[in-house]
Amino acid sequence: MRETLKILRYIGLPNVVLFMTTCAIWIAMNYVNVKIPLKTKDLIDLIILEKRFDTNLFVTLACMYVLVVVAGLFAQLIVQYVELNAQRNFRRSVLEKLITGNPPYIWRKGVGYVKNILFKDVETFLKILSPRLVSTLFSLTYMTLAMIKLGEIHWIYALVLMVYIAVIIPFYRHWFKKNSKGFEKALDLRRRLSGIFTNLLGARTDLHVYGKADDFVRFYHNNLTKFGSSMTNAYNTNLRLQVYPELLQVITLFGVTLFGLYELVSGTITAGTFQVIVVYSSTILHSSMELAYVTDDISRALAVKKKLWEVLSIDAVRGVETKNVNTLVLKNVCFGYSNKKIVDNFTLVVKKPDIVVLWGKSGSGKTTILDLVKGFYTPIDGGIWLDENEPKSFSYKNVSYLPQDPYIFAETLYENVSLGRELQKERIREILKKCGLGEFCDRLEMKLDSGGKNISGGQKSRIALARVLVDPADVILLDEPLTGVDVDRKKEILKKIEEIFADKIVLVSTHDELVSSIGKRKVNI
Ligand SMILES: Nc1ncnc2c1ncn2[C@@H]1O[C@H](COP(=O)(O)OP(=O)(O)O)[C@@H](O)[C@H]1O
Ligand SMILES: [Mg+2]
């Protein structure tokens, strides 16, 4: 029920209004004395009073044509508007849920996976569902109205067509469900595959998620074959789905035409009326066939919808939330990957306020230490405490983290900094200025490419810093910040960072001399 309401809110409502408007126009044209230029009005009076169906055919087709064109344009406008609005809302809520609410989920699934949900699923869902919904509503309206007209001629036509529809609807319902499951499976695989692929190509950080690149590749190969066959299955189901209704359609049309001919020969109806019967019944049958053709689209959209709601209803795993952390203690911490020891008996005590630099060349284990502090890994030996709490899983409430390889989403600059949080534009501008991104203050709606392809590396790392500044926790972890930023600007931003984080515990991992000047303490890793 809640889901239905959500769909109605995001997509359905304007479409429902559209549907009602179409009905109203039709009723007004057919049964109420609407103000139409005199000649046409006379014509319509003639049709309604004298039931001259051959004239009716001409006028109805002309009216239908105008109606379809106008309504089509109107529908396009509404669909565009709804799509834009819904995409914004949807993306924002997915972003908020996944990124600010549940980072362990992202780490488990990978940035690529999340990116796929955000940009493929939401788009597929909205693009497929709303236009199909509009066209389905139009088909249904048309079918009902045409059926009434046919019923006026003889009840038998309406009955035959109704039987056809009564048979076809449960048939569709059954296949809808079956097909939707097939697509769900295929989509899930596709999402995982392209997620893995994006992770492999884009975000190196995600290698943490699955361990080694080897595993990625093996997994990719195994699933590619499965994906192919499940997609083929889903489409084959569709093909079968379209054959039976077509057969039934030919039989029904044959029956209707035969009865019409009988009536014509026996003089009950005129040739014009016979024409009306054939045109209306074939268009009704055609419309119901149209519904068959959109089944695969609709089942795909429904499968996507199911997945989206699955994701949106995940409860955030917050871990231990420690407000007001005063000390960070790492005591004799040991950690390694496979059989390689990376962190060996590492001890560090940081009391608020302090900035400590983790200094060491690439591969020395700086990122690993930050991963341990944020609770992504548990030490093999020794312990880590935020005051008296051990970080078991990462929570933004405990620490603010700037990753070494920040991911830029194909969203606006505003969305990339706010990550789904509701923020005043003025606040974002303030933050951007602090990060040396003042030139972007009046371009908050600028669209960034995925992975930040349309901005420089330096701008990317400053955007990552801006994300941290939105709502900094007591413990700040900056993994190789300000990579690619020019020297003068770097100096300026470092000064600002010192000011802003003056009352925090800050760990900065770097192998950059200038950045390392920020801390009072420098620890060699
Ligand atoms: N998920 C992982 N699995 C196996 N080895 C890893 C993993 N992550 C990092 N390493 C290895 O651990 C070492 C330290 O890595 P890292 O902490 O990223 O170093 P730094 O941040 O100082 O460059 C490197 O040799 C790296 O290859
Ligand atoms: Mg690193």
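This is a predicted model: local features need pLDDT of at least 70, side-chain atom pairs count only at pLDDT 80 or more; totals for chains, interfaces and linings use all residues.
Okay, housekeeping. Local features need pLDDT of at least 70 and side-chain atom pairs count only at pLDDT 80 or more, while totals for chains, interfaces and linings use all residues. Residues are numbered from 1 along each chain as its sequence is written, chains are lettered from A and ligands numbered from 1 in the order in which they are written, and side-chain values use heavy atoms, with hydrogens and water left out.

Let's start with the metal. Which protein atoms are the donors of the magnesium ion, ligand 2? They are OG1 of Thr367 and OE1 of Gln404, lying 1.9 to 2.2 Å from the ion. A donor here is an N, O or S atom within 2.8 Å of the metal (3.2 Å for Na, K and Ca), and water is not among the atoms, so sites may look incomplete. Thr367 lies in helix H11, residues 366-373, and Gln404 in the loop between strand S5 (399-402) and helix H12 (413-418), so the two tie together parts that are 37 residues apart in sequence. Those helices (H or I, at least four residues) and strands (E, at least two) are DSSP runs numbered from the N terminus.

Is Thr367 buried or exposed? Buried, with a relative accessible area of 16%, whereas Gln404 is partly exposed at 32%. The cut-offs: buried is under 20% relative accessible area, exposed is over 50%, and partly exposed is in between, using a 1.4 Å probe and protein chains only. H11 itself is mostly covered, with eight of its eight residues buried. After H11 comes Gly375, with a positive phi near 90 degrees.

Next, two helices. The axes of H14 (residues 457-470) and H15 (residues 487-500) come within 13 Å and cross at roughly 10 degrees. Axes are lines fitted to C-alpha atoms, for helices over the stretch in contact, and angles run from 0 to 180 degrees between N-to-C directions. That makes H14 roughly parallel to H15; the classes are roughly parallel under 35 degrees, roughly antiparallel over 145, roughly perpendicular from 65 to 115, and oblique for the rest. Arg462, Leu465 and Leu469 of H14 make the contact (heavy atoms within 4.5 Å) with Arg489, Ile493, Ile497 and Ile500 of H15.

Now the aromatics. How many aromatic pairs does a search of the whole structure find? Two. Rings of Phe, Tyr and Trp (its six-membered ring) pair if their centres lie within 6.5 Å; planes under 30 degrees apart are stacked, over 60 edge-to-face, and the rest tilted. Tyr157 and Phe259 are edge-to-face, 5.5 Å centre to centre with 65 degrees between the planes. This pair links distant parts of the chain, 102 residues apart: Tyr157 in H6 (residues 155-201) and Phe259 in H8 (residues 213-265). Phe259 also forms a tilted pair with Tyr262, at 6.1 Å and 40 degrees. Tyr157 is buried at 1%, Phe259 is partly exposed at 24%, and Tyr262 is exposed at 55%. Together, Tyr157, Phe259 and Tyr262 form one aromatic cluster.

Last, the backbone. The peptide bond from Lys352 to Pro353 is cis, omega near -10 degrees, and Pro353 sits in the loop between strands S2 (340-351) and S3 (354-359). Asn332, in strand S1 (residues 327-337), has a positive phi near 45 degrees without being a glycine. Glu480 is not a glycine either, yet has a positive phi of about 45 degrees; Glu480 is buried, at 11%.
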